[in-house]
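Here's a quick tour of a fold and the charged pairs that go with it. Have a look at the model first, then read on.

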Amino acid sequence: MNEFTSPRPTLLLIDDEPANLQILRHTLQQDYRLLFAKDGVKALELAQRDLPDLILLDIMMPQLSGYEVCRALKAELKTRHIPIIFVTALSQPQDEQMGLDMGAVDYISKPVNPAILKSRVRNHLSLVQMQELRDSRLQIIRCLGTAAEYKDNEIGRHVIRMSHYTRILAHWLGYSSEAADDLLHAAPMHDIGKIGIPDSILQKPGKLTSEEWEVMRTHTLIGARIIGQHSHGLLKLARTIALYHHEKWDGSGYPYGLKGEDIPLPARIVAVADVFDALASDRPYKKAWSVERCINYLREQSGLHFDPQLVALLDKCLPEMLHIKEKWADDPKLMAL
């Protein structure tokens, strides 16, 4: 293997019967790096040391049963994410249910069919790779969102708070948990386009001239270009938010002057969350408003700047939003830098 070759995934095979380990070895050795353990104690030691990509685990073993090994792995932060497939002679439905309830991703009864075993292992490793890719994209999105905040001279926790406000609003609007989480993760990219705005404008302490304001407004278009075109997923959602979150319900916003429901819903949700946090937080040019004053302003702008349906949700959302506001309050030491 040279330095440009991807390493083979590592599997930890746990069974107290050498003959069973031999069957697994012959089935899997061509495609994977294999580790072997004949008891639960050794299995836990290898799992902690090598952090395999997937574990095949027998249930009926001396000292520690497979259930006990699974429970111990799921209790440890380092190993709880490793997918576990039970491979066992216990074939009753209640045995399988117990294994899945403990956190295993699959349950295969002995005698093992080699072709089925290889397919199950391959499928679960593919799911792991997909999750790792999603996690990497989330990390990139968060980093870029933070970079935009530093560029804008806002080194507090605005991005964190407004992202959580976005998820809360989406939840009360009827979004599924998964869809609301996607908004949470995409929202930090809303102002990524400010990276392309000159510091002389972005950090100007006084009022912008009309010419400077025209330049400032282009950050939505710049943000869309930075994120790029995507057919689906988080980056498509992030682009929609970056491009449209300054549109207003009455059509007076930018960059396109969209009106009402022509404005994509995710952008409308982010607009409420973003403005609420901006008003409720200290800025170089203003002191934080009281929560009551913020809510009154949002209500005054219902049907003008903001989607009336979202403003009407504020009474329901407010307790959760205030919890986030307190939990992620700005650090005075950082704000003074």
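Predicted model: local features only at pLDDT ≥ 70, side-chain atom pairs only at ≥ 80, totals over all residues.

In what order do the five strands of the open sheet run, and with what pairing? The order is β2-β1-β3-β4-β5, and the pairing is parallel.

## Ground rules

Residues are numbered from 1 along each chain as its sequence is written, and side-chain values use heavy atoms, with hydrogens and water left out.

## The sheet

Strands here (E, at least two residues) and helices (H or I, at least four) are DSSP runs numbered from the N terminus, and two strands pair if DSSP finds at least two bridges between them. β2 and β5 sit at the edges with a single partner strand each, so one side of each has no neighbour in the sheet. From one strand to the next, the twist averages 20°.

Zooming in, β1 (residues 10-14) and β3 (residues 54-57) are joined in the parallel sense by four bridges. Across that pairing, Leu-11 stands opposite Leu-54 in β3.

Helix α2 lies across β1, β2 and β3, running at about 145° to β2. For that angle, axes are lines fitted to C-alpha atoms (for helices, over the stretch in contact, meaning heavy atoms within 4.5 Å), and angles run from 0 to 180 degrees between N-to-C directions.

## Salt bridges

How many salt bridges turn up in a search of the whole structure? There are 14, each one a side-chain nitrogen of Lys or Arg within 4 Å of a carboxyl oxygen of Asp or Glu.

One of them joins the side chains of Arg-33 and Asp-50, at 3.4 Å from N to O. It links distant parts of the chain, with Arg-33 in strand β2 (residues 33-37) and Asp-50 in helix α2 (residues 40-50), 17 residues apart. Arg-33 is partly exposed at 37% relative accessible area, and Asp-50 is partly exposed too, at 22% (buried is under 20%, exposed over 50%, partly exposed in between, with a 1.4 Å probe and protein chains only).

## A buried pair

Asp-307 and Arg-268 form another salt bridge, with their closest N and O atoms 2.7 Å apart. Asp-307 lies in the loop between α13 (291-300) and α14 (308-311) and Arg-268 in helix α12 (residues 265-280), so the pair ties together parts 39 residues apart in sequence. Asp-307 is buried at 4% relative accessibility, and Arg-268 is buried at 11%.
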